[in-house]
Amino acid sequence: KVGWVATQPIVKMPDMALQAPRYLAPFHPKHIAHFFTDVLIIGGGLAGLRAANAVDSKLSVLVVTKDELKQSNSNYAQGGIAGVLAPDDRFEDHIADTLTAGGDLCDAQVVEMVVREAPEHINELIHWGTQFDRESGKLTLGREGGHGHNRIVHALGDATGKEVMRAVIEWTQRLRNVEILERTFTLDLLTHEGVCRGALVADEKGAKTLVWAKQTILCTGGVGQVYRESTNPPVATGDGHAIAFRAGAELRDMEFVQFHPTVLYIAGSSRSLITEAIRGEGGRLVDRQGHRFMLDYDERAELAPRDIVSQAIATQMEKTHHPNVYLDLSHLDPQFVLKRFPGIAATCAKFGIDITHDPIPVRPGAHYMIGGLIVDQHGATTVPGLWAAGEVTSSGLHGANRLASNSLLEGLVYGEHAGRAASEAAAQIADDFRALPLQNEPMNQPLEPLDLGDIRNSLKSLMWRAAGVRRSRDELVAAAETIDNWCRYVLARQFGDAEGWELQNMLTLSRIMVSAALAREESRGVHLRTDFPATDDEHWHKRLCYRRNDDGSLEPVVT
């Protein structure tokens, strides 16, 4: 790994969360319940369940998810899974497309490993019961931005994640060694002598349990809810990133957040993803005057990588003084459109939009967190006993910009790797492992109540303005100071429910993201600095890493 390197003096930033305790909530081993398992998996999305399926059947597995299993970014994925399956496609082409999209920051060895394992994992999903779309008995392969070939398998037209998760959940629930706890919030990882020993969790009523595990796998997904505009479900509050940071794990690439170019934009409604596959099938982006503008920015037009399309849309909205652009499908066969995109057609119809002839209002939204825990090819993090897979990680697959439909693929590959490696490590530990004398004392709490919803909404708006599609030094500095002020009185409290814990995690995570965005004084991939618009390979062909100091402050890792 390559650490944090500054070529110019960095703005002196206030230390982060100097009053923050190691653990969010008070607990004492004599006063709460204990649970013992061989392997603890935190997160019930595709990466987490794939990890559970990889653990030896002789070992016990506990999967903890803070909502229902279907409430994950995996379930809401529309486009599909990329893999070399067509006779005229090659591994080398998928590898090249991934490296090109990644802004020259991908780990080439990781890219090759994941791409070459893709067909095996897609066929495994079929074996587990996933019904991918077919024509004449053959898999239908779509194409999305940045791909040079049709290589995207999809299901239910535009609801791939829903079908994949249905099949994987049903398969996992048959395993006798796997227990699943839904609606259970993970407050913190338990560490002793630098080793992860499990986690502190709480049920819907706030009752806490100490879960002791020989090995722990973190698969908590993304962070989209720190932004006002996002495709992510409500659960995506970056809990995994934050609890890993508090436990001492090193985080990397935290400035790289992918913004999906096309999110349904209707004032007052929740934001819905409009899959990139629409553009892959011929959908065109037009502005308020009906001008097809993407050709003004990139010769690949609508099939340019997501960072280019998102930035072009932002520029075009400014030029036209309009809050969105539009997706136009009116030139495509109406029957094909309705068959290929039934979910999007139904969502738009709720607002009186017929996608076969009405333009669909869209704008960018936070979609995928590229940064996360540093992991090796087995999913091992920098904390012994802790593994990770999926969107919570920085594996090196995506570099500075994720290639479309590589995310579910990464969850499958790294979920399997982490599950197998953690299983092998757990098998080497005797069954007489026991609870450790860890505790966190209650603190005196301020009497003044806090409007957590107001702070949360303010944070989301701030992050969208300062650390969204476009960033600048002045806005990032101001955002850091504002977040620090919130951290001083929010992180010092001990809350008793998920509303408070999520806000604390979101503040912690946002502060790291802003620091990384401020430090990288160039534009690369999804990270666009308006004050440093060029890519600077001489000084910034590097990866930025961070960890927590013992006093709770943020420390750049220089390696």
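In this short talk I will go through a few individual residues and one surface patch of the model shown above.

Before the details, please keep in mind that this is a predicted model, in which local features need pLDDT of at least 70 and side-chain atom pairs count only at pLDDT 80 or more, whereas totals for chains, interfaces and linings use all residues. Residues are numbered from 1 along each chain as its sequence is written, and side-chain values use heavy atoms, with hydrogens and water left out.

Let me start with leucine 200, which lies in strand E10, residues 195-202; helices here are DSSP runs of H or I with at least four residues, strands are runs of E with at least two, and both are numbered from the N terminus. Leucine 200 has a relative accessible area of 0% and is therefore buried, where buried means under 20%, exposed over 50%, and partly exposed in between, with a 1.4 Å probe and protein chains only. Leaving aside residues up to four places away in sequence, leucine 200 touches, among others, Phe27, Ile32, Phe185, Leu187 and Leu210, a contact being heavy atoms within 4.5 Å. From leucine 200 to valine 211, eleven residues apart in sequence, the C-alpha to C-alpha separation is 6.1 Å.

Histidine 127 sits in helix H4, residues 108-127, and is exposed because its relative accessible area is 59%. Its C-alpha atom is separated by 43 Å from that of valine 557, which is 430 residues apart from histidine 127 along the chain.

Next come two serines with positive phi. Serine 136, with phi near 55°, is in the loop between strand E4 (134-135) and strand E5 (138-139), and at 81% relative accessible area serine 136 is exposed. Serine 405, with phi of about 65°, is in the loop between strand E20 (393-394) and helix H11 (407-427), and at 4% relative accessibility serine 405 counts as buried.

Finally, which residues gather in a patch of negative charge on the surface? They are Asp451, Asp454, Asp497 and Glu499, and a patch is made of residues with over 30% relative accessible area and no salt bridge, like charges being joined within 9 Å. A salt bridge would be a side-chain nitrogen of Lys or Arg within 4 Å of a carboxyl oxygen of Asp or Glu, and the place of a charge is taken as CG of Asp or CD of Glu. Of these residues, aspartate 454 is found in helix H12, residues 452-466, and counts as partly exposed because its relative accessibility is 46%.

Note on methods
Patches are made of residues with over 30% relative accessible area and no salt bridge: like charges are joined within 9 Å, nonpolar side chains (Val, Leu, Ile, Met, Phe, Trp, Tyr) within 5 Å. Accessible areas come from the Shrake-Rupley method with a 1.4 Å probe; for residues, only the protein chains shown count as cover. Lys and Arg count as positive and Asp and Glu as negative; His and the chain ends are not counted.
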